[in-house]
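User: I would like to learn how to read a few features in a model. Please start with cavities.

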Amino acid sequence: MRPCILPLLQTLLVSLPLLTLTHCGSSKPTQPAGTGTQVLRAEPAEDGELFPAATGLAVPVASAALNDTARFLAGMPPVNGQDAFGNLRNSVAWKNHSLRMNSLWRDFEWRHGRPVNQWAQSEMSDLRDSPAVFYPFSGPDFLFASVFFPYSETYLMCGLEACDPLPAWETVTEADIDVGLDSLWNSLDTVLQFSYFITKEMRQDLQASRFRGVLPVFLVFIARTGHVVESIEAARLDDNGTPVVSAATQSTSPGLLIRINGPHGPKRIYYFTQNLSNDALKPNSPFLLYATSLGRPATLAKSASYLMHESYFSNVRNFILMQSRGLVQDPSGVPYRSLIEQNWKVNLYGNYQGVQDIFKEYEQPDLLSAQQQQGPRPLSFGIGYLNMPTNTSLMVARPQ
């Protein structure tokens, strides 16, 4: 009853020679690396899938197993007979997982996916064209990065969560699968319903199973947003802030580079396990040097625990204020007063009424006053900790 799967899935990564990467510009290649076949772009027929299989995107054959893994974890059926998990997909546990994930995804699309996409297209279309996105305090939340910024090519994300390898599949039992899928669903429940992770619970859920760290969550979001995986590699930053991709390993790595392709072309997701407090993040640290090399990225800040309101998170806050081309955030990101002090133009949306009791010390009377003076710009969705449309708040800010 254990899946027979390609050997490369016995590790986290696709084995590649050691290499360094430089930031790509705004050009959009039409061929995935390692193939000579042009990637065709097309509209889906009726309700069909635009990219139904890895081979439909000229993805190297070896990565078909990666995509079947992503779809398996996401509760999605295989495509074009690429089913390395046939027995397990027939199990009661996986069928229940699939039903729960489908229900969560329908709720997400109704609650956040479609309304956020429509709002962002209207109110921040210039920022959506940014080649790069910086998403501090993101954890593995590629889902909302993709909804707000579907056209970007490079996503720089970070959190305290580790980059553990996938398990060696020949050692995984059906009981491991049952526990792992249940833990994965628990970790995704709040972000799909309310737009944010409960970080402590997510760590506990995932660490209690064989599917540890951020990678399983990334794979679910990649599959569910209509993307396919081209490669997954361990990544680190050298002293100059240059990403270095290493060969396959069974151990936890400091970061990931995930190459994907989808409706809006090829993309790169960089995720690093990175503490953003000043003690761990100096202005000339490799992480901020790489962020600077992205050339004024757009920034997304959501459910950031109001950390950038504190003096000991001033380095990441100042980077955003000095280097970002624009910012979309809820009130838990950069303080409103900091944006005004730096002469940013701030458009306010929603109905800011204060904060939850747990964050009472981070009330922003100036934001409340500005909201009242501007007048209402209601939102049809909730976002961040204030997740009801009646009390949610978003800012779209641009340097002048």
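User: What is the volume of the largest cavity?

Analyst: A cavity is a set of points on a 1 Å grid over the protein atoms alone, where a 1.4 Å probe fits but cannot get out. Points are joined across faces, edges and corners, and the volume is the space filled by probe spheres set on them. In this predicted model, the largest cavity has a volume of about 50 Å³. The whole-structure search finds one cavity of 30 Å³ or more.

User: Which residues line the largest cavity?

Analyst: Lining residues have an atom within 4 Å of a point. Here they are Y306, D330, P331, S332, I383, G384, Y385, L386, T392 and S393. By class, five are nonpolar, four polar and one charged. Tyr and Pro count as nonpolar in this scheme, and Gly as polar.

User: How confident is the predictor, and where does pLDDT stay under 50?

Analyst: pLDDT is the predictor's confidence in each residue, from 0 to 100. The protein has a mean of 82, and 78% of its residues reach 70 or more. Values stay under 50 over residues 1-46 and over residues 48-58. Contact means heavy atoms within 4.5 Å. Beyond four places in sequence, the model has 122 contacts for residues 1-46 and 32 for residues 48-58. Local features need pLDDT of at least 70 and side-chain atom pairs 80 or more, while totals for chains, interfaces and linings use all residues. Numbering runs from 1 along each chain as its sequence is written, and side-chain values use heavy atoms, without hydrogens or water.

User: Is helix α8 mostly covered or open?

Analyst: Helices are DSSP runs of H or I, at least four residues; strands are E runs of at least two, and both are numbered from the N terminus. Buried means under 20% relative accessible area, exposed over 50%, partly exposed in between, with a 1.4 Å probe and protein chains only. Helix α8 spans residues 215-224 and is mostly covered, with 10 of its 10 residues buried. Among them are F218, F221 and R224. Just after α8, G226 takes a positive phi of about 85°.

User: Why does L237 count as buried?

Analyst: L237 counts as buried because its relative accessible area is 17%. The residue sits in strand β4, residues 228-237. Leaving aside neighbours within four places in sequence, L237 contacts T242, P243, F272, P286, F287 and Y290. S285 is 48 residues away along the chain, yet the two C-alpha atoms are separated by 9.7 Å.

User: How many disulfides are there?

Analyst: A disulfide is a covalent bond between the sulfur atoms of two cysteines. The test is a pair of cysteine sulfur atoms within 2.5 Å. The count here is zero. C158 is buried at 0% relative accessibility, and C163 is buried at 0% too.

Terms used. On a 1 Å grid over the protein atoms alone, a cavity is a set of points where a 1.4 Å probe fits but cannot get out, and a pocket is an open set with protein on both sides within 12 Å along at least five of seven lines; lining residues have an atom within 4 Å of a point.
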